[in-house]
Amino acid sequence: MGAKIVSNNGKKTLPGVHVPHHKNTNDSVPQVMPVPDKVYISLHMHMGAPCDPLVKKGDYVKVGQLIGSSQAFMSARTHSSVSGTVEAITTMTTSIGAVDQVVVIATDGKQEVSEEVKPPVVTNYQEFLEALKCSGLVGLGGAGFPAHVKFNLKDLNAVDTLVINAAECEPYITTDLRTMLDKSEMLFKGIKAVQKYMEINKVYIGIEDNKPQAIEKLRQECANDPTIEVVPLKAMYPKGAEKVIAYETCGKVIKEGQLPYQAGVIISNVTSMAFIGEYLTTGMPLITKTLTIDGSAIKEPKNVVAPIGATFKDIVDFCGGFKEEPAKLLMGGPMMGTPLYDVNYPLVKNNNALLAFAKADVPKIQETACIRCGRCVRACPMGLMPSLIETAFKMKNIDELKALKVNLCIECGCCAYACPAKRSLVVVNKLSKRLIAPKK
Amino acid sequence: MSNKLIVTASPHIHDSATTSTIMRDVLIGLAPAMVAAVIIFGFRALLLTAVCAAACVIFEYATERVLGRENTISDLSAVVTGVILSFNLPVQLPLWMAVVGCFFAIVIVKQLFGGIGNNFANPAIAARIFLLLSFSQPMTSWLSVENGHAVQGVYGATPLAQIAAGETDALPSLLEMFLGLRGGCMGETCALALIIGGIYLIWRKVITPTIPLSFIGGVLVLSLLFGVDPMYQLLGGGLMIGAFFMATDYTTSPITEKGKIIFGLGCALITMVIRVFGSYPEGVSYSILLMNIITPHINRMVRNKAFGGVQQ
């Protein structure tokens with residue numbers, strides 16, 4: 001290891017909690033899994049309007065072919081991840097929890113690449129946005145926000161800073177780390193493209209200091225570029241939250257009701273940025289996803305490159321299957337991930353992990369009375385007071401909930417993690433937001 | 001898969017601390033003072049503590065049983081109340097009086113106001129004051145401590161009472177004060193043991209140092225302002241046990257760090273006003289009780305500013 005890492009450039013940090021890291025798959029170079037017999041590609045893997053199918057039953061589709069799009073501005077295109085025959089266009093519940101249209105494709109194993117796939121010609125900002133739209137990219141950190149919408153600004157002068165979110169603060173997940181170690185060339189290509197077309201002066205790459213290998217590597221590779229700075233962040237959850245990383249890399253405060261660009265900053269996940277570099281090079285749209293498969297019930301935990309639409313069962317089988325019957329399946333990390341009802345959900349674009357836990361590792365949570373210890377208050381990165389919010393929620397006191405700024409809750413889970421009484425504070429915050437939302 | 005998957009809201013992992021591990025840490029923090037009390041006051045100290053702890057647990061169990069509440073004795077909070085109450089009693093207090101205090105602490109102050117997390121005042125402090133008002137004579141009879149041990153049957157004044165009466169010639173040395181070799185409640189005298197226990201609680205993150213520092217710091221500054229010897233004010237009476245173990249009670253102290261500073265300084269002010277101007281030689285218990293009562297107001301007025309929050 002090189003010089004000692006000074007986190008956050010020595011600046012003050014926002015609160016959070018120390019979670020166990022469990023980065024068991026740090027050294028697992030992502031392995032490409034074989035194409036399954038069937039894929040189920042959802043037409044709604046993003047925030048915004050779902051896509052309409054562009055193919056019908058019996059059509060032959062190739063890898064990278066456009067199979068779904070929407071007229072709506074807030075949407076992201078859908079491409080085929082395989083070559084094969086469309087077996088059906090049906091509806092099913094996807095891991096997002098919604099019932100969506102799904103294109104079922106029986107694969108032929110040839111993985112014939114579509115003629116549509118060619119590197120885009122990009123010479124200006126408009127063409128850059130068009131390329132993002134054609135790529136089908138959504139925010140890969142988890143939110144699934146369409147990239148061509150995020151990068152579409154009315155006034156380019158309003159934004160001077162790009163923050164690359166490489167904190168990867170959720171336990172277990174190591175895919176962003178692998179992006180930095182395995183695809184740094186593409187990452188910098190993506191960054192330079194955004195800098196060029198969006199006239200961005202300064203780029204900060206925020207990385208938790210539990211990834212010294214990535215910090216060192218990226219620092220070396222951008223040593224000659226004064227516009228890019230690697231900022232180590234104290235390894236304390238949730239450094240990867242948008243408002244937290246904006247503040248801790250460049251000191252910008254995204255105020256209540258603001259989107260990041262209104263604070264002069266654009267924030268993008270590191271794997272999304274590397275994908276932009278790859279897309280500009282190859283023209284292959286977003287049809288695979290690297291995800292961490294881990295947890296006590298998985299036989300061979302590792303990072304896997306899987307085609308979009310593969311079922312979690314196929315992916316787990318590639319990891320040797322289940323060691324023992326899983327009691328809990330999580331899509332995403334243990335702090336903010338969504339539990340699954342079924343192992344047959346298909347992979348969507350913004351999945352970045354599948355964790356399977358054996359019964360012994362799913363502790364029964366016994367909720368007890370609040371003892372007003374204030375741990376939730378001290379843990380909240382947003383400076384909120386969850387225990388008072390809980391009281392106000394019980395009283396259905398809407399004015400008080402508004403005064404306590406419950407709408408600023410980022411649902412990171414620090415309060416509930418820290419609570420010795422194991423109270424469901426995140427649930428209360430979510431319900432409180434509903435309660436104070438204007439009635440439609 | 002034959003079994004259904006478990007589906008719960010995030011987060012899916014939790015810190016290992018629970019209410020009972022916190023209370024267990026408080027008991028560990030109180031252990032040095034228990035040892036000191038046995039050395040100074042003899043095994044009667046251990047007996048008194050054991051009786052109080054047992055009585056509190058029994059009263060808690062019985063009240064919850066009668067009120068049809070969930071049994072919470074395993075959270076150890078009743079044990080903590082019993083131990084702290086016993087530390088605030090003269091060592092030779094008749095056991096039945098101590099049990100009456102436990103009844104008041106658990107049944108009246110804690111359970112009738114809703115049980116753990118809902119009491120408006122610290123049960124141990126309220127019970128101590130109740131006993132002081134009910135049984136004034138036995139509650140203010142202090143065994144004399146000579147050559148490091150309490151002398152059975154010989155009673156004397158506490159150092160703070162001596163100072164209040166102007167009898168400063170017979171005061172114990174500062175070293176004796178620090179080690180607790182003086183008259184007083186059985187668990188309050190040994191500053192050394194209480195500070196060790198307090199540091200343990202801070203290290204274990206059971207408490208933040210805010211209340212002890214502002215309480216003790218406030219007493220230091222005010223004693224200088226009022227022109228009394230600050231060292232005897234710091235080491236005398238119940239300041240150390242009050243600042244580390246009683247004023248820091250979660251339920252009855254403010255939730256924000258700013259609120260805790262106000263709380264600690266308020267305790268210091270009331271303590272010193274009672275000690276210097278009042279008719280009682282000691283005011284720590286009253287100060288904490290009065291600040292307990294205004295804690296809801298502090299919680300309402302002193303709030304954290306949300307990150308990026310905008311005034312509307």
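**Entry 1. Interface of chains A and B**

I looked up the contact between the two chains in this predicted model. I found 50 residues of chain A in contact with 33 residues of chain B. I then listed the elements that give two or more residues to the side of chain A that touches chain B: strand S15 (326-331), helix H12 (414-418) and helix H13 (425-436) of chain A. S15(A) gives the most to that side, with five residues. Sorted by class, the side of chain A that touches chain B comprises 34 nonpolar, eight polar and eight charged residues.

For confidence, I noted ipTM 0.92 and pTM 0.92 for the model. Chain B has an average pLDDT of 94, and 99% of its residues score at least 70.

**Entry 2. The six-stranded sheet of chain A**

I next asked which sheet holds S15(A). The strand belongs to an open sheet of six strands, ordered S1-S14-S13-S17-S15-S16 (chain A), and the pairing is mixed. The edge strands are S1 and strand S16 (338-339) of chain A, each of which pairs on one side only.

I went through several of the pairings in turn. Strand S1 (residues 31-32) of chain A is joined to strand S14 (residues 302-307) of chain A in the parallel sense, over two bridges. There I located Gln31(A) opposite Val304(A) in S14(A). S14(A) also runs antiparallel to strand S13 (residues 288-294) of chain A, with six bridges between them. In this pair I found Thr292(A) opposite Asn303(A).

Leu330(A) has Pro339(A) of S16(A) as its bridge partner. Helix H3 (residues 175-182) of chain A packs on this sheet and touches S13 and S14 of chain A. I recorded about 125 degrees between the direction of H3(A) and that of S13(A).

**Entry 3. The four-stranded sheet of chain A**

I then turned to an open sheet of four strands with the order S11-S10-S9-S12 (chain A) and parallel pairing. Its edge strands are strand S11 (228-233) and strand S12 (265-269) of chain A, and each pairs on one side only. From one strand to the next, the twist averages 25 degrees.

I examined one pairing here in detail. Strand S10 (residues 202-208) of chain A pairs with S11(A) in the parallel sense over six bridges. Val203(A) has Ile228(A) in S11(A) as its bridge partner.

Which helices lie across these strands? Helix H4 (residues 184-198) of chain A lies across strand S9 (161-166), S10 and S11 of chain A, and runs at about 160 degrees to S9(A). Helix H7 (residues 270-282) of chain A lies across S9 and S12 of chain A, and runs at about 85 degrees to S12(A).

**Entry 4. Helix packing around H5 of chain B**

The axes of helix H3 (residues 77-87) of chain B and helix H5 (residues 123-134) of chain B come within 9 Å and cross at roughly 40 degrees. At that angle, H3(B) is oblique to H5(B). The crossing of H3(B) past H5(B) is right-handed. From H3(B), the contact takes Thr81(B), Ile84(B) and Leu85(B); from H5(B), it takes Pro123(B), Ala124(B), Ala127(B) and Arg128(B). By class, I counted five nonpolar, one polar and one charged residues in the contact of H3(B) with H5(B).

The second pair is helix H4 (residues 95-110) of chain B with H5(B), whose axes come within 8 Å and cross at roughly 130 degrees. H4(B) is therefore oblique to H5(B). The crossing of H4(B) and H5(B) is right-handed. On H4(B), the residues that meet H5(B) include Met97(B), Gly101(B), Phe104(B) and Lys110(B). On H5(B), those that meet H4(B) include Pro123(B), Arg128(B), Phe130(B) and Leu131(B). The contact of H4(B) with H5(B) divides into twelve nonpolar, one polar and two charged residues.

**Entry 5. The hairpin of chain B**

Last, I looked up a strand pair in chain B. Strand S1 (residues 142-146) of chain B and strand S2 (residues 149-156) of chain B run antiparallel, joined by four bridges. Val145(B) has Ala150(B) in S2(B) as its bridge partner. How many residues stand between the strands of the hairpin of S1(B) and S2(B)? There are two residues between the strands, and Asn147(B) in this hairpin takes a positive phi near 50 degrees.

How values were computed
Residues numbered from 1 in each chain as written. Chains lettered and ligands numbered in written order. Predicted model: local features only at pLDDT ≥ 70, side-chain atom pairs only at ≥ 80, totals over all residues. Contact = placed C-beta atoms within 7 Å. Nonpolar A, V, L, I, M, F, W, Y, C, P; charged D, E, K, R; others polar. Pairing = 2+ DSSP bridges. Axes fitted to C-alpha atoms, helices over the stretch in contact; angles between N-to-C directions. Parallel < 35°, antiparallel > 145°, perpendicular 65-115°, else oblique. Left-handed = near helix turned anticlockwise from the far one by under 90°. pLDDT = per-residue confidence, 0-100.
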